[in-house]
Amino acid sequence: MLAYLFFHQPAVSVDRGEYEEGLRRFHAALAEGNVEGFISSSTYRVGGRYCDWYLVQNSAALDVLNDAAVSGPRLHVHDAVAHQAIDGAGKLLKLIAGNHDASAGFEVRFSKPRGASYGQLYSLLKPWTDREDVSLWRRMMVLGPPPEFVLLSRSREELPGDMEPEILIRETI
């Protein structure tokens, strides 16, 4: 499973309530579209910004999702909220461990400790990734800004300091 993340925020002159309602309308329209390879989407308020998670079965589904998001019955609702957004950026993640939980209220963004292999990192993270309420995601092909990893959890998690973790609260929109 892959997740395309889109980070954004409303322009200063845009009412946040109106912006969030536009996001809800867009994601509802996308869910009704029967898009091949598309699993689901959600929007979260993280810090002072917003982050949309688009879950897809594989990389081929990204092209289909991209076209579907801005065509047919979704075009109007997409454009309405897109014209209110600024500072957009994307990131592609792959699910490494666990199952995606849309209700996860915490997001820990972190980097692999310098000099550690991926195998060493995954072993170090086993106490978290063996739990059912945690999922681990890794940035793909350096598509998007650092850090490279995201750990989603229903509870606040403290990772070792050499991972430079940033703990953020996710509020579902």
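Student: In what order do the elements of the protein run from the N terminus on?

Tutor: The order is β-α-β-β-α-α-β-β-α-α-β-β-β, with 5 helices and 8 strands in the protein. Helices here are DSSP runs of H or I with at least four residues, strands are runs of E with at least two, and both are numbered from the N terminus. The model is predicted: local features need pLDDT of at least 70, side-chain atom pairs count only at pLDDT 80 or more, and totals for chains, interfaces and linings use all residues. Residues are numbered from 1 along each chain as its sequence is written, and side-chain values use heavy atoms, with hydrogens and water left out.

Student: What makes Gly-22 buried or exposed?

Tutor: Buried means under 20% relative accessible area, exposed over 50%, and partly exposed in between (1.4 Å probe, protein chains only). Gly-22 has a relative accessible area of 5%, so it is buried. Gly-22 is found in helix 1 (residues 16-31), and its C-alpha atom is 7.0 Å from that of Val-77, 55 residues apart along the chain. Across the protein, buried residues make up 45% of the 173 residues.

Student: Which residues have the most contacts inside the largest nonpolar core?

Tutor: They are Ala-3, Leu-5, Trp-53, Leu-93 and Trp-137, in a core of 15 residues. A nonpolar core is a set of buried Ala, Val, Leu, Ile, Met, Phe, Trp, Tyr and Cys residues joined through side-chain atoms within 4.5 Å. At least two residues of this core come from each of strand 1 (2-10), strand 2 (38-46), strand 3 (49-56), strand 4 (85-97) and strand 7 (149-153). A second, separate core has 14 residues, including Ala-29, Leu-65, Ala-68 and Leu-92.

Student: What is noted about the phi of Met-141 and of Val-142?

Tutor: Most residues other than glycine have a negative phi, and most peptide bonds are trans. Met-141 has a positive phi of about 50°, and Val-142 has a positive phi of about 55°.

Student: Why do Met-141 and Val-142 count as exposed?

Tutor: Against the cut-off already given, Met-141 has 68% relative accessibility, so it counts as exposed. Val-142, at 61%, also counts as exposed.

Student: Which peptide bond is cis?

Tutor: The bond from Pro-146 to Pro-147 is cis, with omega near 5°.

Student: With which residues is Asp-133 in contact, leaving aside neighbours within four places in sequence?

Tutor: Contact means heavy atoms within 4.5 Å. Asp-133 is in contact with Leu-152, Ser-153, Arg-154 and Ser-155. Asp-133 lies in the loop between helix 5 (126-129) and strand 6. Asp-133 and Ser-155 are 22 residues apart in sequence and 8.4 Å apart in space, C-alpha to C-alpha.
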